[in-house]
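Hi,

Here is the structure I promised to pass on.

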Amino acid sequence: MALNFPLIGLQSPKLPSFGSPRISMVSAVRSTTKMADTIKKPLIPPREVHIQVTHSMPPEKVEIFKSLNDWADKNILVHLKQVLRCWQPQDFLPEPSSDGFIEEVNELRERAKELPDDYFVCMVGDMITEEALPTYQTFLNTLDGVRDETGASLTSWAIWTREWAAEENRHGDLLNKYLYLSGRVDMKQIEKTIQYLIGSGMYVRTENNPYLGFIYTSFQERATFISHGNTARLAKVHGDVKLAQICGTIAADEKRHEMAYTKIVEKLFEIDPDGALLAFEDMMRKKILMPAHFMYDGHDENLFEHFSAVAQRIGIYTAKDYADILEHLIKRWKVDSLTGLSEGGRIAQEYVCTLASRIRKLKERAQSRAKQVPEVPFSWIFDRKVRL
């Protein structure tokens with residue numbers, strides 16, 4: 001999973017109504033920054049969570065996913081790798097049992113000295129996002145019709161979720177260990193941020209609906225592929241070829257996972273084009289929030305926005321990437337050529353197919369109005385300041 005670029009100026013409409021969803025109101029108010037690390041109450045999200053819509057998918061749609069179990073076995077599980085064929089974090093790290101371990105660590109630290117602080121901010125943010133994996137597996141298990149009902153279910157959907165999580169787990173492990181050995185970051189602050197993030201969860205407004213959920217994961221996995229690919233590119237620019245290999249290897253995993261999720265949505269467009277298109281429109285009107293949007297370190301109330309701004313500035317993940325992903329998915333799912341749609345489907349088609357150009361125009365306007373950007377301290381790098 002990846003990070004988010006906040007698209008300022010795209011207003012989110014009210015949540016649409018599907019059937020008779022069960023609605024609950026969750027309102028959370030963060031205590032003061034000074035009290036954040038000593039508060040005795042249970043952890044609460046760092047942002048107010050508004051009306052939550054749940055179980056919005058009609059029962060007949062649930063049956064679609066149950067009927068696709070055999071299809072998923074033949075078409076989705078093939079995108080998983082057996083453990084013996086997978087890379088492991090230790091393949092890229094100094095061998096602790098080796099006599100040359102200290103020398104290898106020193107070499108790693110020398111290479112890390114060439115990487116600028118803004119790069120480390122982005123790499124740490126990526127790592128923290130990956131380390132919140134328990135939240136993402138929980139998220140997939142909220143989706144009606146595909147969840148792992150027992151924790152060890154043998155349905156294709158449940159097997160995918162567990163094996164996907166197992167593959168993703170290596171990403172955070174590898175980046176975490178690299179950063180620890182680099183000596184460039186404040187690991188305790190990073191560890192606190194991870195705990196805050198997992199404790200806060202995520203709320204990306206997918207409503208227990210796998211139509212919405214798999215559109216979200218398709219977008220998200222491509223965003224992660226792009227962001228890790230860009231961290232690999234910049235690591236190479238700064239002379240750390242081994243770190244470039246690490247980030248590129250993670251990006252390749254994300255690309256493979258993207259292929260699986262986009263294939264699921266492609267199948268939905270095949271059997272229920274109107275339903276899939278309306279779900280696509282719904283998610284794009286609400287905007288794709290990345291899973292780390294509750295990121296907090298005990299100090300910075302706007303940590304995720306600051307992290308995203310740095311990522312945008314140095315080219316890790318940008319508004320252009322957001323628009324490119326949208327256009328990629330439209331092409332992948334042949335959205336612009338769908339016919340025989342309902343009136344609502346045609347409206348959704350027009351909205352989705354013209355959105356990328358509007359995003360680019362907003363980006364251009366924002367750049368033309370851009371003012372001198374401030375520098376802010378990041379606790380992850382010992383409160384050194386980085387320009388947003």
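Let's begin with the inside: the largest nonpolar core has 113 residues, and Phe214, Phe219, Phe280, Leu326, Phe378 and Trp380 touch the most other members. By nonpolar core I mean a set of buried Ala, Val, Leu, Ile, Met, Phe, Trp, Tyr and Cys residues joined through side-chain atoms within 4.5 Å. (Buried is under 20% relative accessible area, exposed is over 50%, and partly exposed is in between, using a 1.4 Å probe and protein chains only.) Beyond its neighbours within four places in sequence, Phe378 has contacts (heavy atoms within 4.5 Å) that include Leu303, Phe307 and Val310.

One caveat before the rest: this is a predicted model, so local features need pLDDT of at least 70 and side-chain atom pairs count only at pLDDT 80 or more, while totals for chains, interfaces and linings use all residues. Numbering runs from 1 along each chain as its sequence is written, and side-chain values use heavy atoms, leaving out hydrogens and water.

Next, the UniProt record (an unreviewed entry) puts a "binding site" annotation on Glu130, Glu168, His171 and Glu254. These span 125 residues in sequence, yet no two of their C-alpha atoms are more than 11.3 Å apart, so they gather at one spot. Such annotations may be inferred rather than shown by experiment; the positions use the numbering here, and feature names are shortened. Glu168 is in helix H6 (residues 156–182) and is buried at 1% relative accessibility. Glu254 sits in helix H9 (residues 241–271) and is buried too, at 0%. Helices here are DSSP runs (H or I, at least four residues), strands likewise (E, at least two), numbered from the N terminus.

Cheers
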